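Subject: Structure for your files

Hello,

Here is the structure I said I would pass on. My notes follow below it.

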Amino acid sequence: MSIVGAALVPAAPVLLPALSGREQPAAAVLNASLEVMRQLIESDPAEVIVLAEADRDGLFENSAPWGLHRLGGMRTSDEIDATAARGEPLPVPLAIGAALLGTAGWTGPAVFHALDRSISPEAAIEYGRRLSSNALPVGLLLLGNGSACCTDKAPGSFHLGAQAFNEALTSMIRTGDQRAVARLSAEASAAQLSDIRLPLQVLAGAESRGRLRGSIAYDEPFMGVHYICAAFLPVGALGQ
């Protein structure tokens, strides 16, 4: 599979108007997320694979219900229709990805893969390598957050290592340091309540030749959680 591009966006319910209300509290994050996703779409994939960490591994098709009603809040008619589908609902991060993907304008096929957060870096990288073994041009949508321990009021309270953890993540993305990505541990990520490790490691395996370059559109904490929005595109597409 030829990976033509990827986008990293937060797995954050606050980005969805149906859950956050008419006044978008995280407008800058949402706009950056849609920007990098549209760059992914413009890379012309035949299919988008959406990846996020979850409690267990699972593969879901386009027809899987979103189940956003689990999170409360308002629901638009489109989301009511989407949740009316039968079958096991998408894990929450993948449901957020599905909603954002539609908002960004993607109308093609998509596959949703929940990654068991306990799998090793080596297994995640190997899965990424398997993704790249087919000739079909594919885009990857990665869902994940940096540290959720950036302030005392953060979901994970304050962690002294949060700033260093987030700075390391953004450095890995900007420089394409795949060795550093491979060294991200489940234990360090869990200590920061971060779910970004596996999506980045799958990308590292899928794009082992380093033909894609990361460009960050958003890199700031919001309500104690560090959000990163980034596009990974061929070097020429970024004007480099």
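Arg 129 and Glu 126 form a salt bridge, with 3.5 Å between the closest N and O atoms; the term stands for a side-chain nitrogen of Lys or Arg within 4 Å of a carboxyl oxygen of Asp or Glu. Both residues lie in helix H5, three residues apart, which is about one turn of the helix. Helices (H or I, at least four residues) and strands (E, at least two) are DSSP runs, numbered from the N terminus. Arg 129 is partly exposed at 43% relative accessibility, and Glu 126 is partly exposed at 35%. Here buried means under 20% relative accessible area, exposed over 50%, and partly exposed in between, with a 1.4 Å probe and protein chains only.

Before the rest, the conventions. The model is predicted, so local features need pLDDT of at least 70 and side-chain atom pairs count only at pLDDT 80 or more, while totals for chains, interfaces and linings use all residues. Residues are numbered from 1 along each chain as its sequence is written, and side-chain values use heavy atoms, with hydrogens and water left out.

Salt bridges

The search of the whole structure finds five salt bridges. One of them joins Arg 117 to Asp 55, with the closest N and O atoms 2.4 Å apart. Arg 117 sits in the loop between strand E4 (110–116) and helix H5 (121–131), and Asp 55 in the loop between strand E2 (47–54) and strand E3 (58–60), so this pair ties together parts that are 62 residues apart in sequence. Arg 117 is partly exposed at 38%, whereas Asp 55 is exposed at 69%. Glu 53 joins Asp 55 and Arg 117 in a network of salt bridges.

Asp 219 and Arg 174 form another, with 4.0 Å between the closest N and O atoms. That pair links distant parts of the chain, Asp 219 being in strand E6 and Arg 174 in helix H6, 45 residues apart. Arg 174 is partly exposed, at 46% relative accessibility.

Second largest pocket

This pocket holds about 370 Å³ of space. A pocket is found on a 1 Å grid over the protein atoms alone, as an open set of points where a 1.4 Å probe fits, with protein on both sides within 12 Å along at least five of seven lines; lining residues have an atom within 4 Å of a point. The volume is the space filled by probe spheres set on the points, which are joined across faces, edges and corners.

The lining has 17 residues, and Asn 145, Ala 148, Leu 193, Ser 194 and Asp 195 lie nearest the centre. H8 and E7 are the elements that give two or more residues to it, and H8 has the largest share, three residues.

Ser 194 belongs to the loop between helix H8 (186–191) and helix H9 (197–206), and is buried at 6% relative accessible area. Neighbours within four places in sequence aside, Ser 194 is in contact (heavy atoms within 4.5 Å) with Glu 53, Asn 145, Gly 146, Ser 147, Phe 165 and Ser 189.

Backbone

Most residues other than glycine have a negative phi. Ser 157 has a positive phi, near 60 degrees, and lies in the loop between strand E5 (137–143) and helix H6 (162–175). Met 223 also has a positive phi, of about 55 degrees, in the loop between strand E6 (212–222) and strand E7 (225–234). Ser 157 is partly exposed at 39%, and Met 223 is exposed at 64%.

Regards
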